[in-house]
Amino acid sequence: MIGRLNHVAIVVPDLAAAAAIYRDTLGATVSAPVDLPEHGVTTVFVELPNTRIELLQPLGQDSPVARFLDSHPAGGMHHVCYEVDDILAARDRLIAAGARVLGDGEPRIGAHGKPVLFLHPKDFCGTLVELEQA
Ligand code: CO
């Protein structure tokens, strides 16, 4: 059911410093920062030949990633995103299998303008999983 790895997301306390590590130390192509107020994050995308890395920094008071930084002050891996062809079919199959979909279970428009859902980490090897309709 799942397809390509769309991205791995890393939450960081200092987005400019993180972008510099990927650009200057690791030699990757790094985008300019983009504020996504509706998601409570500022993002930088690192383009790799086979996938991308999404660097996330909290934006605003109610950022969903602010608590993550409280417990991981140096930053850390936050989620992996897999592509699916049909997000509603994927959701229904996962719910039928007993997996928990976060929020109200309805897809939201994610950082790339495509519908996304998040799955409970306790059902997926301790890792928050994002599904994105490709
Ligand atoms: Co993501």
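**View 1. Thr43 sits in strand S4, which covers residues 41-47.** Strands here are DSSP runs of E with at least two residues and helices are runs of H or I with at least four, numbered from the N terminus. This is a predicted model, where local features need pLDDT of at least 70 and side-chain atom pairs count only at pLDDT 80 or more, while totals for chains, interfaces and linings use all residues. Residues are numbered from 1 along each chain as its sequence is written, and side-chain values use heavy atoms, with hydrogens and water left out. Is Thr43 buried or exposed? Thr43 is buried, because its relative accessible area is 1%; buried means under 20%, exposed means over 50%, and partly exposed is what lies in between (1.4 Å probe, protein chains only). Leaving out residues up to four places away in sequence, Thr43 touches Leu15, Ala32, Pro33, Val34, Leu36, Leu55 and Leu56, where a contact means heavy atoms within 4.5 Å. Ala18 is 25 residues from Thr43 along the chain, and their C-alpha atoms are separated by 11 Å.

**View 2. A cobalt ion is held by His7, Glu54, His79 and Glu130.** Donors are N, O and S atoms within 2.8 Å of the metal (3.2 Å for Na, K and Ca), and sites may look incomplete, since water is not among the atoms. Along the chain, the donors follow the spacing H-x46-E-x24-H-x50-E. His7 in strand S1 (residues 5-11) and His79 in strand S6 (residues 76-84) link distant parts of the chain, 72 residues apart. Both His7 and His79 are buried. What is the geometry of the site? With angles of 86 to 173° among the four donor atoms, the site is irregular. To count as tetrahedral, four donors need all angles between 85 and 135 degrees; four count as square planar and six as octahedral if opposite donors are over 155 degrees apart and all others between 65 and 115, and anything else is irregular.

**View 3. Helix H1 (residues 15-25) has a buried side made of Leu15, Ala18, Ala19 and Tyr22.** They lie on the same side of H1 because they cover an arc of only 100° around the axis, the arc being that of the directions from the helix axis to the C-beta atoms. Those buried residues pack against S1, strand S2 (29-30), S4 and strand S5 (52-58). Turned away from them is a face with the exposed residues Ala16, Asp24 and Thr25. At the N-terminal end, Asp14 caps H1, with a side-chain oxygen 3.2 Å from the backbone nitrogen of Ala16. Just after H1 comes Gly27, with a positive phi of about 70°.

**View 4. The largest nonpolar core has 24 residues.** Such a core is a set of buried Ala, Val, Leu, Ile, Met, Phe, Trp, Tyr and Cys residues joined through side-chain atoms within 4.5 Å. Which residues touch the most other members? They are Tyr22, Val46, Ile53, Leu55 and Leu131. H1 gives the most to this core, with four residues. Leu55 has contacts with Ile10, Val12, Leu15, Ala18, Ala19, Tyr22, Thr42, Thr43, Val44 and Val46, leaving aside neighbours within four places in sequence. There is also a second, separate core of eight residues, including Ala9, Val11, Leu36 and Val65.

**View 5. Helix H3 buries Ile87, Ala90, Arg91 and Leu94.** Seen down the axis of H3, these residues fall within an arc of 100°, so they line one face of the helix. Their cover includes S6, S8 and S9. On the other side of H3, Arg93 and Ala96 are exposed. Asp86 caps the N-terminal end, where its side-chain oxygen lies 3.1 Å from the backbone nitrogen of Leu88. After H3 comes Gly98, with a positive phi near 95°.

**View 6. His39 and Cys125 both sit in loops.** His39 is in the loop between strand S3 (34-36) and S4, and it is buried, with a relative accessible area of 16%. Apart from residues up to four places away in sequence, His39 touches Pro64, Arg108, Ile109, Gly110 and Ala111. Cys125 belongs to the loop between S8 and S9 and is exposed, with a relative accessible area of 81%. The phi of Cys125 is near 60°, a positive value in a residue other than glycine.

Definitions and conventions
A polar contact is a pair of N or O atoms within 3.5 Å; within protein, one must be able to donate a hydrogen and the other to accept it, and residues adjacent in sequence count only if both atoms are side-chain atoms.
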